[in-house]
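Reader: Hey, I'm new to this one and would like a quick tour. Could you put it up and talk me through it?

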Amino acid sequence: MIGEVKKLLIIPHINVHNANALSSPYTIGFPAMTAWLGAVHALQRQLNAHDIPVVFSAAGVVSHDMDLQTYKGENDFVRSIVGTGNPLDKTGARSAFIEEARCHLDVSLVIQFDNITIDERDNLLDAVSHLLHAKMKMAGGDIRDFQPPFCINSEEGVTEDLIKLQRALMPGYALIERRDLMIDAMENGADALDALIDYLAIHHQCDKDEDGKVTWSSSRKTLNNKPAGWIVPIATGFHGISEQGKAKNQRDPDTPHRFAESIVTLGEFKMPHRIKSIEDILWRYHQEGDLYLCQQAAQVAKAKKRDPEPHSIESEF
Amino acid sequence: MVDDFKKHIDKLIKRKLKDKKYEFDYSSWLITLVEQEMEAIHPQSEFHWELFEVLSFDVLYKQSFKSLCDSGHPVARESLEKLGINDSEINLIINSVESVDNLFIEYCELFKDELLNKDNSLNEVHKKITELSLDCSQGTIISHSPKMTNPSCKYPRLNITASNSPDGFVRSGNSPVDFDMHINATKLKVFKFLSLKINGISLLELINDKNINVISSVFLANERLVNDWVLNFNSGLNEQDLRTHFAIKQIYFPVEKDYHQLSILSPSGLVFSLKNKIDHINDRSKEAYLGKKARKENQYVISGFSTIVNLTVTRHGGDHPKNISGLNNKYQSYYLLSSSPPAIKTRDLHFPRTDFFVQTVNYFQCKHAFHQLHTLYSRDDNNMHIRAERDEYYQSVVDHIIEKMWQVRSVALEQYIPTASQLSTAQKTWLCQQDEGKVLRETADDWLDEIIQSVSTFVFHGYEKILGKKAIKLGYAEHKHMQQIVIKNKEALR
């Protein structure tokens with residue numbers, strides 16, 4: 001796809017206050033990928049309502065800073081959530097509450113857009129700034145401030161364009177899907193939870209030299225003897241667990257309803273100067289069967305390579 | 001902990017200790033205890049109850065003597081050694097304990113009151129099971145607990161089974177889990193009863209399969225009675241409720257040009273299975289026990305061990321976890337894995353006063369890369385792949401420097417003092433965040449050449465310093481090559 005020009009909208013350094021850090025029932029920390037694509041989609045809908053016919057087709061997120069609201073006592077091994085019991089009840093006591101993990105974030109969004117001419121870009125940028133100031137929320141948190149958004153064109157395979165983008169996003173860590181690590185382990189017989197834990201655990205080993213001296217070393221799981229990177233579990237979508245249909249009490253009776261659960265896979269936080277193409281950090285919506293996903297093109301390509309379609313095998317004979 | 005085991009046994013045999021004037025023989029008492037024949041799971045004599053008390057005693061936190069023997073945990077052996085039992089007898093005891101069915105312990109625990117009330121009669125137990133089967137109508141077997149979203153959600157009640165596939169996702173179907181149950185908090189015994197496992201199959205499955213023969217032979221009940229139980233259980237168990245609730249998060253997911261509405265539920269089986277696995281790896285496995293002990297004493301141990309850190313603990317239902325679900329009551333709390341990005345600004349970071357390459361980065365931080373490079377240099381063959389791998393390691397060192405550079409820049413405004421700094425002009429331009437420096441950084445290039453030179457020297461000398469005498473002497477050409485790699489990162493270093 002060398003030569004394809006991507007039009008990108010960058011919203012740098014969005015400060016989000018009290019974002020939802022409970023991204024799935026298994027993870028705490030950076031909000032789920034669905035939250036970011038959801039925010040971008042909501043922004044598109046609001047722009048469309050203001051007669052700006054923009055289409056946001058993909059988005060990437062770069063974290064510059066995160067402040068997770070958890071507490072760890074002096075001799076504690078585990079952390080606990082710092083909750084707020086607001087508002088106080090009529091006697092002045094704290095009301096009962098369900099623990100909700102929160103975090104404060106400083107992130108940049110990279111959004112691929114279409115359907116806008118160069119002349120309309122200023123209009124788009126004004127509207128985006130206006131909406132972000134006015135009524136948008138992101139990952140359940142309030143937007144405190146952000147730097148002025150801007151548009152750039154990035155041609156696939158053109159180094160100067162990529163460098164320009166990388167410099168705009170540094171310093172930070174882009175979220176990248178590493179489902180390949182999980183697939184690899186699961187194809188070798190591990191169950192999903194074991195595969196996930198294995199990459200997150202610290203493995204302690206010891207060696208004994210000829211003199212009988214013992215040295216202990218600790219490491220994370222490596223991939224082909226190389227450190228796998230800053231690997232974290234991330235929620236990237238949902239798994240439908242019931243048939244599509246109607247359910248009593250659904251928010252909107254005209255939209256098909258399903259029960260679903262969060263799905264989690266591995267991701268990596270990588271400094272943008274390491275990416276080889278802008279496509280490496282972009283995520284897109286994808287729905288297939290029971291799976292409702294946010295995924296990256298690179299992972300789809302890897303999956304196809306791993307699982308060639310039947311007719312391609314036939315064609316070899 | 002191990003001493004507690006002795007105390008517990010002494011308490012059990014108090015009377016016998018008093019009677020005998022000579023020293024009590026723990027070994028023969030324990031051997032007779034664990035070797036006695038058991039026709040059924042019902043305790044028939046006082047001796048059986050003693051066996052139950054010994055096996056179910058928690059020697060370690062939430063680990064009974066029986067479970068320690070089953071997993072081959074060294075504490076089982078240590079606690080027997082404390083009783084003065086010799087090696088061969090210890091082996092005999094542990095083997096016999098392993099052969100005792102877990103069902104016996106769980107059954108005794110569950111029906112302790114009924115079994116102790118009347119001697120040698122199972123009528124009370126049968127009556128209790130009948131009662132449980134009737135109580136069952138108040139509950140539903142579920143796989144996803146809505147009360148984990150909000151305790152006021154009494155529905156939906158779903159029990160789903162999903163297929164397994166290596167698609168790389170943690171989701172229902174991709175990991176075996178226990179079933180969960182919604183039931184009135186006072187009737188939780190139904191959940192415990194259905195969780196009993198007979199030859200590895202839960203009672204729930206046997207009831208669903210209407211396997212009357214097995215159930216009647218285990219509980220020594222006549223088939224008509226068992227048939228009644230199965231009918232009662234079945235009528236209550238599988239009633240699903242497909243209503244969603246206003247407190248359940250309902251989200252829209254874009255599908256082509258339309259949306260699907262998804263009600264998000266927590267898969268309680270997976271959540272608590274994760275807790276179980278983490279506890280096993282961190283604390284309960286014999287590898288963790290042996291490894292932690294060996295590391296403390298700096299001893300050698302073959303197997304090694306793992307730890308999972310940065311966990312956050314959370315719970316549902318506060319002081320009343322039983323109000324949420326059966327599994328929630330069993331495990332009480334669960335863990336959340338950390339998904340936080342690395343921090344750029346850290347509290348222990350100091351802005352360099354004289355030289356970034358001495359005070360901020362050091363060769364040992366890149367030890368792994370240099371050792372891997374040494375392995376590559378030492379190889380006899382030299383091909384495209386090896387050269388590519390070598391370049392990757394060079395790159396990883398450069399990446400480390402870039403990361404440190406940003407970290408230092410993040411504290412530059414607070415920590416840089418122009419009058420006290422002895423940094424070279426190039427490094428000042430590179431690291432300081434003052435406005436005039438920033439402009440120069442963006443517009444000029446000469447300072448950057450100096451930095452590039454320093455970075456490649458860092459890579460070159462780093463290898464020699466880390467490997468010491470073992471290092472292979474690298475030529476000018478290799479230094480030049482390193483420089484090429486660094487130059488590729490010119491803009492990232494700017």
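Author: Helices (H or I, at least four residues) and strands (E, at least two) are DSSP runs, numbered from the N terminus. This is a predicted model, where local features need pLDDT of at least 70, side-chain atom pairs count only at pLDDT 80 or more, and totals for chains, interfaces and linings use all residues. Residues are numbered from 1 along each chain as its sequence is written, chains are lettered from A and ligands numbered from 1 in the order in which they are written, and side-chain values use heavy atoms, with hydrogens and water left out.

Reader: Ok, how many bridges join β10 and β11 of chain B?

Author: Four, and the two strands, residues 312-315 and 333-339 of chain B, run antiparallel. Arg315(B), for one, has Ser333(B) in β11(B) as its bridge partner.

Reader: And what's the strand order in the open sheet?

Author: β2(A)-β11(B)-β10(B)-β5(A)-β4(A), five strands with mixed pairing.

Reader: Which strands stand at the edges?

Author: β2 (27-29) and β4 (70-71) of chain A. Each has a single partner strand, so one side of each has no neighbour in the sheet.

Reader: Switching to rings: how many aromatic pairs are there over all chains?

Author: The structure holds 26. Rings of Phe, Tyr and Trp (its six-membered ring) pair if their centres lie within 6.5 Å; planes under 30 degrees apart are stacked, over 60 edge-to-face, and the rest tilted. Tyr107(B) with Phe219(B) is a tilted pair, at 5.9 Å centre to centre and 45° between the planes.

Reader: What does that pair tie together?

Author: Parts that are 112 residues apart in sequence, because Tyr107(B) lies in helix α8 (residues 102-110) and Phe219(B) in helix α13 (residues 212-219), both of chain B.

Reader: Is Tyr107(B) buried or exposed?

Author: Buried, at a relative accessible area of 0%. Phe219(B) is buried too, at 1%. Buried means under 20% relative accessible area, exposed over 50%, partly exposed in between (1.4 Å probe, protein chains only).

Reader: Which residues form the aromatic cluster?

Author: Tyr107(B) and Phe219(B), along with Phe111(B), Phe193(B), Trp229(B) and Phe233(B).

Reader: Last one: what does Ile212(B) touch?

Author: Leaving out residues up to four places away in sequence, Ile212(B) touches Glu223(B), Val226(B), Asn227(B) and Val230(B); contact means heavy atoms within 4.5 Å. Ile212(B) belongs to helix α13 of chain B and is buried at 17% relative accessibility.

Methods
Two strands pair if DSSP finds at least two bridges between them.
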